[in-house]
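Hi,

Here is the structure I promised to pass on. My notes on the sheet and the helices around it follow below.

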Amino acid sequence: MHDPKYLRDNSNLIRTSLGMRGQDVPWDVVQNLGDERRILTTEVEQLRHELKKGSDEVARLRRAKEPAEQAMAAMKGLGDRIKNVEDSLRKVEETLGDLALRIPNLPHQTVPVGSDASGNIEIRRWGTPSSLTVPAKPHWEIGEALGILDFDRAAKIAGARFAVLSGAGARMERALINYMLDLHTGSHGYREVLPPVMVNRKAMTGTGQLPKFEEDLFRLRDEDYFLIPTAEVPVTNLHREEILSEDSLPVRYTAYTPCFRREAGSYGKDTRGLIRLHQFNKVELVAFTAPDRSYEELERLTGHAESILQNLRLPYRVVTLCAGDMGFSAAKTYDIEVWLPSQGQYREISSCSNFESFQARRANIKYRPAGGKKDAKTEFVHTLNGSGLAVGRTLVAILENYQQPDGSVVIPDVLRPYMGGMERIALQPA
RNA sequence: GGAGAGGUGGCCGAGUGGCCGAAGGCAACGGUUUGCUAAACCGUCGUAGGGACAAAAUCUCUACCGAGGGUUCAAAUCCCUCCCUCUCCGCCA
């Protein structure tokens, strides 16, 4: 969400900066409602002032034991007038508020211009894709052959875009989760949290999933709860309606959660395998910083996510998303893409974003600058998050990059302690 | 799910119709005193919106006592609905 005052005075500037991203915003309506809101507010406040004065006069007369009927009669009806104007004001504010919540964040100056993924810019690569002698098999073939991935039974018990992991597959997923959490808490300074995976409407609005993207979410039938599409939602909202002290910043959390996405509109994409599921596991990194620190934090956080891939010896690259490819709430996003031999390309495995004050404003997360002086006015924090990493896709990358000509899969060194010393996944009869 | 109690500023807590944005305490911040610490004393100390000013400082108005409605000239205070917390009962991993 944007600063309402800034939005009112600079809607043209915002509109130009957003370009394509702001296409579906009814800018004229926003402008008119903003003006109307100001006029109605002034009117309500004047009427209230009058009422207050009148009521004080009644009170004064009563105390002085003087007749107050005339003063009371004069105020009669004023209350109704106020109610009428307030009704109009409330309607304007509701409409304006809803529209304002649907305006995306402004891209940072360093974000490249572009309308889709082709405008993204690669900024670095790590590792070298191995040249296999035989054609690389896709992970679902490897996994099904080894008896550790079962899509048929997943479809039976749930439906398309679900998976069952079993045996060493389930074990490796669990190993990855533990390894990631241990690294982030032990070496990178994050506090582990295990939040609810269902949240209310306010939380979803705070991080920007609502009101605009309700069709992407799973919602419960009998309660107004949603399944989280990412741990970003519950973890960022931990501090909703709070004022943090500057000394406590930066606040860094890591959380493992399952994530639930309807994937509406993605029919035909990645229909096979683990890449795009309705339910998947993710370890998330979330940070709250002072505004002048958020961009250095973005680099740090991205580096923390990268370190997992480096330790797993998985080749990857980092790209800066162009304005048109960024998510709704982000001001700047780095995607980390891992090499998938079967596809001969890099695929997203982490997305690290700085939201600046966009989410903080929606969720009302502030901090009080240190220094003690009276100029210590509260200010919105900056929020960031990134996957560290998407667990299922990491499993995919391991299966594909560590596949052997005999169909087995070698387990990366750092995971072996988490898998009881296992060094290789060979055929596992069910 | 049933019964009861309660939600007031960063925290605790007073306040049953007007003089209440709200006593008092704690915490915090500034200062005096002090060899240091502590104590004592003095002072400051909510958030948001509108207007005035080129802007900052400042001034001014309005709103906010869980949320939303109602009664009244006037609501933290009375009434209704909802949300949340706590206690007991039921159910339950």
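In this predicted model, 8 strands form an open sheet with mixed pairing, in the order E1-E10-E11-E12-E15-E9-E8-E4. Strands (E, at least two residues) and helices (H or I, at least four) are DSSP runs numbered from the N terminus, and two strands pair if DSSP finds at least two bridges between them. At the edges, pairing on one side only, are E1 (121–126) and E4 (191–193). E1 pairs with E10 (residues 316–320) in the antiparallel sense over 5 bridges; one of the bridge partners is Val 319 in E10, which faces Glu 122.

Helix H11 (residues 294–311) packs on the sheet, touching strands including E1, E8 and E15 (contact: heavy atoms within 4.5 Å). Its direction makes about 5° with that of E15; axes are lines fitted to C-alpha atoms, for helices over the stretch in contact, and angles run from 0 to 180 degrees between N-to-C directions. H13 (residues 391–401) lies across E9, E11, E12 and E15, at about 35° to E15.

The axes of H8 (residues 168–186) and H11 come within 11 Å and cross at roughly 130°. That makes H8 oblique to H11 (under 35 degrees is roughly parallel, over 145 roughly antiparallel, 65 to 115 roughly perpendicular, the rest oblique). In this contact, Tyr 179, Met 180, Leu 183 and His 184 of H8 meet His 304, Ser 307, Ile 308 and Asn 311 of H11.

Residues count from 1 along each chain as written, with chains lettered from A and ligands numbered from 1 in written order. Local features need pLDDT of at least 70 and side-chain atom pairs 80 or more, while totals for chains, interfaces and linings use all residues; side-chain values use heavy atoms, without hydrogens and water.

Best wishes
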